[in-house]
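Subject: Structure handover

Hi,

Here is the structure I promised you. Please open it first, then read my notes below.

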Amino acid sequence: PARRELAIQQCVKCQQFQHLPRPICSACYSDELTFTKVSGKGKIFSYTIAEHPVHPALADKTPYNVILVDLDDAPGVRLISNLVGAENDAVKVGLPVEVVFEEPMPGTVIPRFRPAA
């Protein structure tokens with residue numbers, strides 16, 4: 001994320017994508033793995049709106065959304081993130097989204113998603 005690129009672990013032998021990264025491929029058990037840059041485009045698979053903060057630092061941020069995104073070019077991979085650039089009532093299953101990167105503090109870069117253009 002510091003380079004503002006989204007890369008997902010992929011098996012060199014069978015081409016399977018996997019997330020979270022692991023030392024071996026979950027499909028063919030090869031240890032020949034790499035990270036492949038992906039477009040960051042996808043669709044919301046599921047979501048929730050958090051009404052209560054899970055930490056005191058989030059008290060002024062409620063309600064906030066948590067989304068699960070199916071990535072278009074990394075089959076089988078779903079990322080947990082937030083939808084930004086839209087109100088919570090715009091969050092819908094199937095909404096096309098694209099990755100954006102936020103830097104809430106110097107040196108910390110977080111992938112988020114916004115409605116696709």
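Which side chain meets Lys13 in a salt bridge? The partner is Glu32, at 3.8 Å from N to O. A salt bridge here means a side-chain nitrogen of Lys or Arg within 4 Å of a carboxyl oxygen of Asp or Glu. Lys13 lies in the loop between strand 1 (6-11) and strand 2 (17-18). Glu32 lies in the loop between strand 2 and strand 3 (33-38). So the pair ties together parts that are 19 residues apart in sequence. Strands are DSSP runs (E, at least two residues), numbered from the N terminus.

Some ground rules before you go on. This is a predicted model, in which local features need pLDDT of at least 70 and side-chain atom pairs count only at pLDDT 80 or more, while totals for chains, interfaces and linings use all residues. Residues are numbered from 1 along each chain as its sequence is written, and side-chain values use heavy atoms, with hydrogens and water left out.

**Salt bridges**

The count comes to eight salt bridges. How open are the two ends of the Lys13 pair? Lys13 is exposed, at 57% relative accessibility. Glu32 is partly exposed, at 38%. The cut-offs are: buried under 20% relative accessible area, exposed over 50%, partly exposed in between (1.4 Å probe, protein chains only).

Asp70 and Arg78 form another bridge, at 2.7 Å from N to O. Both count as partly exposed: Asp70 has a relative accessible area of 26%, and Arg78 has 38%.

Glu5 pairs with Arg3, with 3.7 Å between the closest N and O atoms. Arg3 is exposed at 69%, whereas Glu5 is partly exposed at 31%. A network of salt bridges links Arg3, Glu5 and Lys37.

Three strands make an open sheet, in the order 2-1-3, with antiparallel pairing. Strands 2 and 3 stand at the edges with a single partner each, so one side of each has no neighbour in the sheet. Strands pair if DSSP finds at least two bridges between them. Strand 1 and strand 2 are joined by two bridges. Gln10 stands opposite Phe17 in strand 2.

**Core**

Now the nonpolar core: a set of buried Ala, Val, Leu, Ile, Met, Phe, Trp, Tyr and Cys residues joined through side-chain atoms within 4.5 Å. The largest has 18 residues. Ile8, Leu71 and Phe113 touch the most other members. Strand 1, strand 5 (64-71), strand 7 (96-105) and strand 8 (108-115) each give two or more residues to this core.

Best wishes

Definitions and conventions: Helix = DSSP H or I, 4+ residues; strand = E, 2+ residues; numbered from the N terminus.
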